[in-house]
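Me: Could you help me look over this model before I set anything up? I'd like to go through the helix packing and then the voids.

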Amino acid sequence: MSTTVTEPVASPTAESPLPATARIPARIPGERPTAAIPFSRLLLVELRKMVDTRAGRWLLIGIGAVIALALTIMFFNESGHHPFAAYLQATTMPMAVILPVVGILAVTSEWSQRTGLVTYTLEPRRARVTWAKFLGAMLAGVAAIALSLALAAVMHQGAITLRGYSGDWSLDNKALLGASLYVLLGIAQGVGFGMLLRNTPAAIVLYFVLPIAWGILGDLVSWLDGAASWLDMNRTMNPLFLVESMTGEQWAQLATSVGVWVALPVALGIWMLHRAEVK
């Protein structure tokens with residue numbers, strides 16, 4: 001009969017004791033090894049988002065095509081004998097109409113393409129992302145205004161050189177300020193609608209439909225006409241191109257309409273954006 005010998009299990013010795021509990025490492029001394037994302041980097045990322053999507057890219061291409069068509073018509077119409085201010089208006093108006101859609105996409109793309117989870121994971125402080133989007137849209141508007149000036153100058157000089165026009169470079173600084181405000185206020189309104197709705201089709205439709213519907217009601221309903229002169233941005237912004245002749249009442253009407261259609265959507269949109277659930 002065979003005998004099974006069982007080897008004794010080694011017990012902890014004084015030389016190699018087993019730890020009773022896990023040891024928690026001490027906090028790393030000194031400064032934290034990671035730093036916050038610089039705001040300048042957030043701003044550059046938001047600027048890049050405006051042009052690296054198909055929607056944003058084709059919108060910019062569309063703006064360029066409309067401006068090129070308008071300038072070509074002006075160049076061959078009346079032998080290009082138009083003042084520099086007229087060329088500037090031809091380059092500014094298409095941007096004022098279409099660029100707000102780029103501002104809308106800058107906000108709504110995070111929610112329609114479901115990239116917000118990545119964005120707010122990398123930068124949990126939503127306020128910094130929100131301001132980066134807003135300032136990025138404004139910087140895009142400033143760049144568009146500078147481009148408008150350059151294109152208008154090139155076409156006006158072309159009319160002088162090639163069409164024999166004597167030239168008229170006169171441009172009132174107030175008129176330039178008015179054209180710039182026209183573009184920037186439209187972009188700010190688009191960003192506000194995007195923040196408020198966070199849905200691309202709804203924001204674009206409401207951005208174009210609500211002001212038009214309000215303008216139609218103001219024209220058709222007599223008792224709304226007085227209110228429309230204060231709340232219809234299509235009316236209150238038109239004198240911006242003749243800003244040197246704007247009266248105090250017109251400035252007050254512009255401020256009122258901007259408060260309703262720009263400041264209010266932006267404020268409510270920021271409040272809702274910071275509390276919206278990211279999926």
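Me: Is the crossing of α3 and α5 left-handed or right-handed?

Reply: This is a predicted model, and in it the crossing of α3 and α5 is right-handed.

Me: At what angle do the axes of α3 and α5 cross?

Reply: They cross at roughly 155°, and the two axes come within 9 Å. With angles over 145 degrees counting as roughly antiparallel, α3 is therefore roughly antiparallel to α5.

Me: And which residues make that contact?

Reply: From α3 the contact takes Phe84, Tyr87, Leu88, Thr91, Thr92, Met95, Leu99, Ala106, Val107, Glu110 and Trp111. On the α5 side there are Arg126, Lys133, Ala144, Leu147, Ser148, Leu149, Leu151, Ala152, Ala153, Met155, His156 and Ala159.

Me: How do the residues of that contact divide by class?

Reply: The contact of α3 with α5 has 16 nonpolar residues, together with four polar and three charged ones.

Me: What about α2 against α5, parallel or antiparallel?

Reply: The axes of α2, which spans residues 54-76, and α5 cross at roughly 25° and come within 11 Å, and α2 and α5 are therefore roughly parallel to each other. The crossing of α2 and α5 is right-handed.

Me: Which residues are involved there?

Reply: Ile67, Leu71 and Phe75 of α2 make the contact with Leu151, Met155, Gly158, Ala159 and Leu162 of α5. By class, this contact of α2 with α5 has seven nonpolar residues and one polar residue, with no charged ones.

Me: Moving towards the end of the chain, how do α7 and α8 pack?

Reply: Helix α7, residues 200-220, and helix α8, residues 222-231, pack with their axes 6 Å apart and at an angle of about 135°. The pair α7 and α8 is therefore oblique, and the crossing of α7 and α8 is left-handed.

Me: Which side chains or backbones meet, residue by residue?

Reply: In α7 the residues are Trp214, Leu217, Gly218 and Leu220, and they meet Ser222, Leu224, Asp225, Ala227, Ala228 and Leu231 in α8. Sorted by class, the contact of α7 with α8 has seven nonpolar, two polar and one charged residues.

Me: OK, voids now. How many cavities turn up in the whole structure at 30 Å³ or more?

Reply: The search of the whole structure finds one, and the largest cavity has a volume of about 30 Å³.

Me: What lines the largest cavity?

Reply: The lining consists of Leu88, Thr92, Ile145, Ser148, Leu176, Ala179, Ser180 and Val183. The elements giving two or more residues to this lining are α3 (84-112), α5 (126-162) and α6 (173-197), and α6 contributes the largest share, four residues. By class, the lining of the largest cavity has five nonpolar and three polar residues and no charged ones.

Me: And what is the volume of the largest pocket?

Reply: The largest pocket has a volume of about 290 Å³. Its lining is made of Ala96, Val97, Tyr182, Gly186, Gln189, Tyr207, Phe208, Pro211, Ile212, Met233, Asn234 and Met237.

Conventions: Residues numbered from 1 in each chain as written. Predicted model: local features only at pLDDT ≥ 70, side-chain atom pairs only at ≥ 80, totals over all residues. Heavy atoms only, no water. 1 Å grid on protein atoms, 1.4 Å probe; cavity = no way out; pocket = protein on both sides within 12 Å on 5 of 7 lines; lining within 4 Å. Points joined across faces, edges and corners; volume = space filled by probe spheres on them. Nonpolar A, V, L, I, M, F, W, Y, C, P; charged D, E, K, R; others polar. Axes fitted to C-alpha atoms, helices over the stretch in contact; angles between N-to-C directions. Parallel < 35°, antiparallel > 145°, perpendicular 65-115°, else oblique. Left-handed = near helix turned anticlockwise from the far one by under 90°. Contact = heavy atoms within 4.5 Å.
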